[in-house]
Amino acid sequence: MKKRKALGAALLSMTMGLSMFTAGAFGQAPEAQDTYRVLVQGPAAEKAKAKDQFGKRWDFGAKGFTTEVNAKQYQALLKNKNLQVETVSQVQLNAKPGSGAQASPTDQTPWGMEAIYNDSNLQATSGGNGVKVAVLDTGVNINHTDLAGSAEQCKDFTNRRSPLVDGSCSDKNGHGTHVAGTVLAHGGAGNGIYGVAPEAELWAYKVLNDQGSGYSDDIAGAIRHAADEASRTGSKVVISMSLGSSSKSAMIADAVDYAYGKGVLVVAAAGNSGPNANTIGYPGALPNAVAVAALEDVQQNGTYRVADFSSRGNPLTDGDYVIGELDVEVSAPGRAIESTWFDGSYNTISGTSMATPHVSGLAAKIWAENPNMSHTQLRAELQNRAKANDILGGSGAASGDDYASGFGFPRVK
């Protein structure tokens, strides 16, 4: 393993924390504010009237629709006894972007790339041609030297006036650009950094604003949009979500099921709430999402272990090699990961947010090499490769399938 620059900075956890703002549910008004994002449910006729009166942002069919209203409109909705109205949960980063960005990468193939390729002499990466990776995050600097030419779609789901703005996905936070680089950075002009699958095509979906906050209906809308685009274009699509919550959003859960039903592979962060058991977050905790834990290589000798901050799943399901709700599925490099940054530079940060794109990129690489695979066969292949590289989950965790590392660490070879 090439010598790497020592990091003296404290761990920077970059998976998202979702705060539930449900005080407005079923008629109980929350603290007064200027505007409210709400989910409206009820009989079809009453919903149709409300939709005509207040407009809609996202329509989830029988599950209701969301809209943004002012305080007076919100009170009018609450007074309608035929409707159920609840405020939409909000999503936000639980850590600020890191500092210490550098103009050039310290290593073109950082330790995570060497680890997932199982090659300590790795000079460049390859693969992913024809596969689309939808990165749902704070946006992406698609003009970064190492990402230029990779973006096939660039869309903003956070705009207040419109739920979807095509051709806009700017990132002034850094997190989304960092994630995208780990998936498919292509080395730029020859002295840049590499991701796992540099020939994949990027769908950059901005679902969080530049302060790192957003709404669960926008995330659900973006998931559904990616699934519909996969069907429309006949594309093989991997959705990569380095975001999460301790609370389950029905809108996001339904959207994940919808995407999985359309043949899309969904990969999501396990969360940064470890090391205790049963701390895995959503949507990673959903059965139809591949939950990714974070690995570290403290001795820099290729002996990997699950990072303390990485969320754990349910220890009662250890050893069953069956993925249910609240289970970690696989693990990948997540501590001290160097990648592309929003201002055209490079930065090193940590979290299951950083582990997730390693697996998303690997999925794209495998799918490109095996185009006849279904998304379920692709998922099984990831699991099989993980089994071949078991990771000891740490204190209290079993060998094999365990609540900390899942099936293990899937690699290129």
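A disulfide is a pair of cysteine sulfur atoms within 2.5 Å. Keep that cut-off in mind for the opening stop, and remember that this is a predicted model.

**Stop: the disulfide**

Select cysteine 154 and cysteine 169. A disulfide joins them, with 2.1 Å from S to S. By the cut-off above, the count for this model is 1 disulfide. Look along the S-S bond: the angle about it is -105°, and the link of cysteine 154 and cysteine 169 is left-handed. Now colour by secondary structure. Cysteine 154 sits in strand S8 (residues 151-156), while cysteine 169 sits in the loop between strand S9 (165-166) and helix H4 (175-184), so the bond ties together parts 15 residues apart in sequence. Are these two cysteines buried or exposed? Both cysteine 154 and cysteine 169 are buried.

**Stop: the annotated site**

Take two of them in turn. Histidine 175 is in helix H4. Its relative accessibility is 0%, so histidine 175 counts as buried. Serine 353 belongs to helix H7 (residues 352-369). Serine 353 is buried too, at 0% relative accessibility. Show both side chains: a polar contact of 3.0 Å joins serine 353 and histidine 175.

**Stop: valine 183**

Stay in helix H4 and select valine 183. Valine 183 is buried, with a relative accessible area of 1%. In sequence, valine 183 and proline 357 are 174 residues apart; in space, their C-alpha atoms are 5.2 Å apart. Which residues touch valine 183, leaving aside its neighbours within four places in sequence? The contacts are Val133, Gly195, Val196, Ala197, Pro198, Pro357, Ser360 and Gly361.

**Stop: helix H2**

Move to residues 71-79, which form helix H2. Show Tyr74, Leu77 and Leu78, the buried residues to look for here. They cover an arc of only 100° around the axis, which puts them on the same side of H2. An α-helix has 3.6 residues a turn, so residues three or four places apart point the same way. Turn the helix around. The face away from the buried side carries the exposed residues Lys72 and Lys79.

What do the buried residues of H2 pack against? Their partners are strand S2 (35-41), helix H1 (44-54), strand S4 (65-70) and strand S5 (84-87).

**Stop: helix H6**

Finish at residues 250-261, helix H6. H6 has 12 residues and reaches 16 Å from its first C-alpha to its last, close to the 16 Å expected at 1.5 Å a residue. Select Met251, Ile252, Ala253, Ala255, Val256, Ala259 and Tyr260: these are the buried residues of H6. They pack against S2, S4, helix H5 (216-233), strand S12 (237-241), strand S13 (265-269) and helix H8 (375-387). Both S2 and S4 were also packing partners of H2. Just after H6, click glycine 263: its phi is positive, at about 85°.

Methods. Residues are numbered from 1 along each chain as its sequence is written. This is a predicted model: local features need pLDDT of at least 70, side-chain atom pairs count only at pLDDT 80 or more; totals for chains, interfaces and linings use all residues. Side-chain values use heavy atoms; hydrogens and water are left out. Buried means under 20% relative accessible area, exposed over 50%, partly exposed in between (1.4 Å probe, protein chains only). Helices (H or I, at least four residues) and strands (E, at least two) are DSSP runs, numbered from the N terminus. The arc is that of the directions from the helix axis to the C-beta atoms. Contact means heavy atoms within 4.5 Å. A polar contact is a pair of N or O atoms within 3.5 Å; within protein, one must be able to donate a hydrogen and the other to accept it, and residues adjacent in sequence count only if both atoms are side-chain atoms. The expected span of a helix is 1.5 Å times one less than its number of residues.
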